[in-house]
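Me: I'd like to go through what surrounds the ligand here. Can you take it slowly?

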Amino acid sequence: MSFKSLPKIELHHHIEGAAPPAFVRDMARAKGLDVSNIFGPDGTYQYRDFLQFLDVYEKATKPFQTPDDYALLTAVVLGEAAEAGVVYLESFLAPDFCGGRDPVAWREYLQAIIEAAQAAEALGITMRGIVTPVRHFGPDAARETARCAQETAGEFIVGFGLGGDENAFTTADFAYAFDMAREAGLHITAHAGEFAGPDAVRGALDDLKAERIGHGVRAIEDPALVERLVAEGIVLEVCPGSNVALGLYPSVADHPIAALRAAGVKVTVSTDDPPFFHTDMVREYEALAEAFGWTEADFAALNRVALEAAFCDEAARARVAQRLEGKDA
Ligand code: ADE
Ligand code: ZN
């Protein structure tokens, strides 16, 4: 069995961040927009560092202007994920980019995304959405985003997250928005411990009551925090290729995922924004196998952790469990 045909669960993925460059260029051309400055001479996304990556990311969202655009984007992205063997995907959806945080417009975007996701079930992939404010847009915008999340929490929208510049504002500034989301029954995750250190992870746990942490890899710098993650069963959504591409670690072999796993932390593997980082789930598995000697049995174990940590309801979890065992469901 190649890693391609191995069934996979992906818990950390941004819908716009998964847009293939050619798709963004086509969409931009159709809208009369010039997005050439976000691409390098080889046609791939080009950025120098994390903050410029966030800027390029935002510019790449500009051509997506209607619910139909998002339906098309979702179809393309789910097709590619299914091709890489992903059977269950949780994707971050940002009302900032889908209707400008207006709850009425957001519902229309979401409906289009859900219809595309339902069509992709035929490919053997199930998608769920995590509504996500953009941290550097600030706490007031996050509260408006939480309102969108509250109103659409349900079978498809299962979680609330936090992306963007981890060094903008404090986690406590977002506590109110996260309380709103939690009270609406949503599960909680937050990017932390990617471009800020262990204290950022503590903030996500204490202020936002995160059940999972996006990245969280810099917890490795603080043994007491690693112990806490183990004791509390906190799941890390680790994206090795993303961390290497953004310069956190020189190579996957230098990445702390293996050390975190060996310490007993619940780690999972995701792509984050696949074309931005020249990756997909097959490449992630190949790189981990090469760096750490991980085998199919290791990846099966990681996928069981991910299955348990998925924010979906039990009926969906049971269907995905069947797929992990290679059964049609
Ligand atoms: N948005 C998209 N990708 C992200 C990342 N790796 N960190 C923070 N925000 C993001
Ligand atoms: Zn991310």
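Reply: A polar contact is a pair of N or O atoms within 3.5 Å. The model is predicted, so local features need pLDDT of at least 70 and side-chain atom pairs 80 or more, while totals for chains, interfaces and linings use all residues. Residues are numbered from 1 along each chain, ligands from 1 in the order written, and side-chain values use heavy atoms, without hydrogens and water.

Me: What makes D273 a polar contact of ligand 1?

Reply: A nitrogen atom of ligand 1 is 2.8 Å from an N or O atom in the D273 side chain. The limit is 3.5 Å, so the pair counts.

Me: Why is E194 called part of the surroundings of ligand 1?

Reply: A residue is near a molecule if one of its heavy atoms lies within 4 Å of it. E194 is among the residues surrounding ligand 1, as are F50 and H215.

Me: Why is ligand 1 said to lie between domain 1 and domain 2?

Reply: Domain 1 (8-13 + 66-324) and domain 2 (20-63) both give residues to its shell, so ligand 1 lies between them. Those bounds come from an automatic or database domain assignment.

Note on methods
Polar contact = N/O pair within 3.5 Å; in protein donor to acceptor, adjacent residues only side chain to side chain.
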